[in-house]
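Thanks for coming. I have one structure to go through today, so let me put it on the screen.

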Amino acid sequence: MADIAHHGLKNYQAPATLHELLATLSLWRRRARERRQLAHLSERDLRDIGVSPATLYAELRKPFWRA
């Protein structure tokens, strides 16, 4: 497997099989969807789930490929 260190993908290891590629794409899609959903929560909803504004901001700034 090739390591990619380009355009912020530092330490990302490219998938070796089609199955791994599809799993990675699925994971990235889920992260993007979850971050969009977080962005639409009210302050009350965020307090209810224990997410501070600082934590929310940090999470929303992450690119979809970063956990």
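In which hand, left or right, does helix 1 pass helix 3? The crossing is left-handed. Bear in mind that this is a predicted model.

Some background on the chain. Its elements, counted from the N terminus, run β-β-α-α-α, which gives 3 helices and 2 strands. Of its 67 residues, 16% are buried. The accessible surface is about 5600 Å², and carbon and sulfur atoms hold 56% of that.

Back to the two helices. Helix 1 covers residues 18-39 and helix 3 covers residues 53-61. Their axes come within 10 Å and cross at roughly 145°. On the helix 1 side the contact is made by Arg35, Leu38 and Ala39, and on the helix 3 side by Leu56, Glu59 and Leu60. Sorted by type, that is 4 nonpolar residues, 2 charged and no polar ones.

Now the aromatics. The whole structure has 2 aromatic pairs. One of them is Trp28 with Phe64: the ring centres are 5.3 Å apart and the planes stand at 65°, so this pair is edge-to-face. Trp28 sits in helix 1 and Phe64 in the segment after helix 3, 36 residues apart, so the pair links distant parts of the chain. Phe64 also pairs with Trp65, again edge-to-face, at 5.0 Å between centres and 85° between planes. Together, ring pairs join Trp28, Phe64 and Trp65 into a cluster.

Which of these are buried or partly exposed? Trp28 is buried, at 16% relative accessibility. Phe64 is partly exposed at 35%, and Trp65 is partly exposed at 28%.

Notes
Residues numbered from 1 in each chain as written. Predicted model: local features only at pLDDT ≥ 70, side-chain atom pairs only at ≥ 80, totals over all residues. Heavy atoms only, no water. Helix = DSSP H or I, 4+ residues; strand = E, 2+ residues; numbered from the N terminus. Buried < 20%, exposed > 50% of the residue type's maximum accessible area, 1.4 Å probe, protein only. Areas by Shrake-Rupley, 256 points an atom, 1.4 Å probe, with all protein chains shown as cover. Axes fitted to C-alpha atoms, helices over the stretch in contact; angles between N-to-C directions. Left-handed = near helix turned anticlockwise from the far one by under 90°. Contact = heavy atoms within 4.5 Å. Nonpolar A, V, L, I, M, F, W, Y, C, P; charged D, E, K, R; others polar. Phe/Tyr/Trp six-rings, centres within 6.5 Å; stacked < 30°, edge-to-face > 60°.
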